[in-house]
Protein chains: 2
Amino acid sequence: MKEELSIFYRIFTTTKDAIEKFMNMLDPVIQNAKDDHERLYYHHIYEEEEQRLSRLVELIPLISKFEKEKDEKIFSPAKNEFNRLLQELNLEKYGLHNFVEHLDLALFQFTDEERSSLLKQMRDVSYQDYQQVKEMLNKINERFDHDYVDPHAHHDEHHDHLAPPGYSLIIKQSNKKKGFTVGSLI
Amino acid sequence: MKEELSIFYRIFTTTKDAIEKFMNMLDPVIQNAKDDHERLYYHHIYEEEEQRLSRLVELIPLISKFEKEKDEKIFSPAKNEFNRLLQELNLEKYGLHNFVEHLDLALFQFTDEERSSLLKQMRDVSYQDYQQVKEMLNKINERFDHDYVDPHAHHDEHHDHLAPPGYSLIIKQSNKKKGFTVGSLI
């Protein structure tokens, strides 16, 4: 668990830094938006990342605290704080997933060399980090066999539409499935 | 607390139903998207709402369980499950906030009578519900004086840019503040 905590620490510290860079990029775009629609669009993404940033400000010290823990018994689903850590990590897995999509959306519009190269670089790192977090959490959730049920598990089971390239095809195919229960869009 | 739980139950059951209606509206738009950008845009919003729906599927029975609780002592921050309930409610306050913005974004694009009237109706209900959740949680958090620190509190303190009309002006003004620490965009 210690080794995984150290990787989580690195990943969430990195993404916290990336959020700040992304927010800095969005700020002038919001200020200079050509109309209300454009302004709301970028402001909305800005706020979602701001919410994630605020959660990470709480999560990172929690990871750090567990990383320093000498008593291995603390890594047990019977311990409430450890359970909370696992729940937060599972939530931030989706935070990373959504961040990759925010970056992809920005890449469609910020096509100048300076912004697109920064966005691409953050996109690549975030995508790799998302994959690693997903894999580690699968193993941890399996290992502890605790009562946490990942409410989004269906999302990861069948495909990974973030994987470049050709994701649009996968999205198209997945949309052929009809009926709007949870999980209809795999 | 019982009375508040019954209001939370009504609000989150209502918004769960609204998410499903909204996802049904987005589905054909994703399928018939004119390009990858448009497809990713709607698919991204769809997924964020799908994530929220999955969380509500867990939260609603938890609210219901506490609503039926006979022992008032359970409503204490010393009880871990009650703490978890408060944390989830605080998270879903932002889920509702983001939903209002998703509906506002959709209103810019789905301008036909049928969709826009459904969107407006859901927007009005969701906005009222968001305000009520915010107010109730402020009171609850105050009353219990527990150690929960709302990581987004700064967001609510100074303004409510969701309030129609004229929110764009408020956003413009708030963006005049520079420096990208947490909370720079109030």
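How many helices and strands does chain A have? In this predicted model, chain A has 6 helices and 0 strands. From the N terminus on, its elements run α-α-α-α-α-α. Chain A holds 186 residues, and 56% of them count as buried.

Helix packing was examined in both chains. In chain A, the axes of α3(A) and α4(A), the latter spanning residues 113-144, come within 9 Å. They cross at roughly 155°. Angles over 145 degrees count as roughly antiparallel, and α3(A) and α4(A) are therefore roughly antiparallel to each other. Their crossing is left-handed. The contact of α3(A) with α4(A) comprises 17 nonpolar, 5 polar and 6 charged residues.

In chain B, helix α2 covers residues 36-67 and helix α3 covers residues 80-109. The axes of these two helices come within 9 Å and cross at roughly 145°. The crossing of α2(B) and α3(B) is left-handed. Residues of this contact divide into 15 nonpolar, 3 polar and 9 charged.

Helix α4 of chain B, residues 113-144, contains B:Lys134. Is this lysine, B:Lys134, buried or exposed? Its relative accessibility is 10%. Buried means under 20%, so B:Lys134 counts as buried. B:Lys134 and B:Met23 are 111 residues apart in sequence. In space, their C-alpha atoms are 25 Å apart.

Rolling a probe the size of a water molecule over the atoms shows where empty space is left. A search of the whole structure finds 2 cavities of 30 Å³ or more.

The largest cavity contains about 340 Å³ of space. Its lining consists of 21 residues. Nearest its centre lie A:Gln51, A:Arg55, A:Asn98, B:Arg55 and B:Asn98. The elements giving two or more residues to this lining are α2 and α3 of chain A, together with α2 and α3 of chain B. By class, the lining of the largest cavity has 4 nonpolar, 9 polar and 8 charged residues.

The second largest cavity holds about 60 Å³ of space. From chain A, its lining includes A:Tyr41, A:His44, A:Ile45, A:Glu48 and A:Leu105. From chain B, B:Tyr41, B:His44, B:Ile45, B:Glu48, B:His102 and B:Leu105 line the second largest cavity. At least two lining residues each come from α2 of chain A and from α2 and α3 of chain B. The lining of the second largest cavity divides into 6 nonpolar, 3 polar and 2 charged residues.

Open pockets were also considered. What volume does the second largest pocket have? The value is about 310 Å³. This pocket is lined by 14 residues. Those nearest its centre are A:His37, A:Gln109, B:His37, B:Tyr41 and B:Gln109. By class, the lining of the second largest pocket has 4 nonpolar, 4 polar and 6 charged residues.

How values were computed: Residues are numbered from 1 along each chain as its sequence is written. Chains are lettered from A and ligands numbered from 1 in the order in which they are written. This is a predicted model: local features need pLDDT of at least 70, side-chain atom pairs count only at pLDDT 80 or more; totals for chains, interfaces and linings use all residues. Side-chain values use heavy atoms; hydrogens and water are left out. Axes are lines fitted to C-alpha atoms, for helices over the stretch in contact, and angles run from 0 to 180 degrees between N-to-C directions. Helices (H or I, at least four residues) and strands (E, at least two) are DSSP runs, numbered from the N terminus. A crossing is left-handed if the near helix is turned anticlockwise from the far one by less than a right angle, and right-handed if clockwise. Ala, Val, Leu, Ile, Met, Phe, Trp, Tyr, Cys and Pro count as nonpolar, Asp, Glu, Lys and Arg as charged, and the others, Gly among them, as polar. Buried means under 20% relative accessible area, exposed over 50%, partly exposed in between (1.4 Å probe, protein chains only). On a 1 Å grid over the protein atoms alone, a cavity is a set of points where a 1.4 Å probe fits but cannot get out, and a pocket is an open set with protein on both sides within 12 Å along at least five of seven lines; lining residues have an atom within 4 Å of a point. Grid points are joined across faces, edges and corners, and a volume is the space filled by probe spheres set on the points. Angles under 35 degrees count as roughly parallel, over 145 as roughly antiparallel, 65 to 115 as roughly perpendicular and the rest as oblique.
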